[in-house]
Amino acid sequence: MALMVAHEVPASSTLAVPHKPASVGVARRRLRSDLGDREIPDTVIDDAVLILSELLSNSCRYARPLGRLRDLDLEQPDALLVGAHSPTRRGVACAEPEPESGGVLVSWRMHRDGSLTLEVTDGGAVTRPAPARPSLTSRGGRGLSIVGELASDWGVRDAPGQVTVWAALRAS
């Protein structure tokens, strides 16, 4: 007789979104809804949404897309493809198909230890993501510094043809 043990699988979600600023709002709303459904405290949700906004905005502004949105390899069966029709993937949500649009991956994962990891994976940029030192009158350049203040840790992970910027924070 075989003994089977069920393990609670940590909650996670992955979105493939177009490499454009409008995707930031889509990802924020999805993250807020997902974390709210898991009864995460509102203050943590607010921090997570701000962090994800900064990471995805930076990706759209400075990095290249991973490739065509419809060609992105979504490893998780519950992954959501946003902005392009693809009959082979579940959870398609789009107003107008953009099959040739470049895309990036956005994901978050709740861990058993009560931490939350947020990730944005793109095709990389000319320079590696790093906090800037803007002047007091600069209109931008504070995003990764904000991420560094809100997150318990953050960093950059490289893989062939892609760069993932991630941030972790306590969710409980």
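The following questions and answers go through a predicted model of one protein chain.

Reader: On what conventions do the values rest, and which pLDDT is needed for local features?

Author: Residues are numbered from 1 along each chain as its sequence is written, and side-chain values use heavy atoms, with hydrogens and water left out. Because the model is predicted, side-chain atom pairs count only at pLDDT 80 or more, totals for chains, interfaces and linings use all residues, and local features need a pLDDT of at least 70.

Reader: How confident is the prediction, and which strand has the highest confidence?

Author: The pLDDT, which is the predictor's confidence in each residue on a scale from 0 to 100, averages 78 over the protein chain, and 71% of the residues score at least 70. Strands are DSSP runs of E with at least two residues, helices are runs of H or I with at least four, and both are numbered from the N terminus. Confidence is lowest in strand β3 (residues 80-81), at a mean of 54, whereas the highest value, 96, belongs to β5.

Reader: Which stretches have a pLDDT below 50, and how many contacts does the model give residues 84-97 beyond near neighbours in sequence?

Author: Where pLDDT is low, the predicted coordinates should not be read in detail. Residues 1-9 stay under 50, and the model has three contacts for them beyond four places in sequence, a contact being heavy atoms within 4.5 Å. Over residues 84-97 the pLDDT is also below 50, and the number of contacts beyond near neighbours in sequence is 33.

Reader: What is the order of helices and strands along the sequence?

Author: The protein chain holds three helices and seven strands. Read along the sequence, these elements follow the pattern β-α-α-β-β-β-β-α-β-β.

Reader: What percentage of the 172 residues is buried?

Author: A residue counts as buried under 20% relative accessible area, as exposed over 50%, and as partly exposed in between, with a 1.4 Å probe and protein chains only. The protein chain exposes about 10,100 Å², of which carbon and sulfur atoms supply 52%; these areas come from the Shrake-Rupley method with a 1.4 Å probe, and for residues only the protein chains shown count as cover. Of the 172 residues, the buried share is 44%.

Reader: Is β1 mostly covered or uncovered, and which residue stands opposite P18 in β4?

Author: Strand β1 is mostly covered, since seven of its seven residues are buried. Seven bridges join β1 to β4 in an antiparallel arrangement, in which the residue opposite P18 is G103.

Reader: Where does S23 lie, is it buried or exposed, and which residues does it touch?

Author: S23 lies in helix α1 and is buried, with a relative accessible area of 3%. Not counting residues up to four places away in sequence, S23 touches V17, P18 and L56.

Reader: What is the span of α2, and which elements cover its buried residues?

Author: Helix α2 has 21 residues and reaches 30 Å from its first C-alpha to its last, close to the 30 Å expected at 1.5 Å a residue, where the expected span is 1.5 Å times one less than the number of residues. Its buried residues include V44, I45, A48 and V49. What covers the buried residues of α2 includes β1 (12-18), α1 (22-37), β4 (102-110), β5, α3 and β7.

Reader: Why do the buried residues of α3 line one face, and against which elements do they pack?

Author: In helix α3 (residues 143-150), G143, L144 and V147 are buried. Seen down the axis of α3, these buried residues fall within an arc of 90°, so they line one face of the helix; the arc is that of the directions from the helix axis to the C-beta atoms. The buried residues of α3 pack against α2 (42-62), β6 and β7.

Reader: Which residues does L50 touch, and how far apart in space are L50 and V147?

Author: L50 has its place in helix α2 and is partly exposed, at a relative accessible area of 34%. Leaving out residues up to four places away in sequence, L50 touches I146 and L150. L50 and V147 are 97 residues apart in sequence, and their C-alpha to C-alpha distance is 8.1 Å.

Methods
Pairing = 2+ DSSP bridges.
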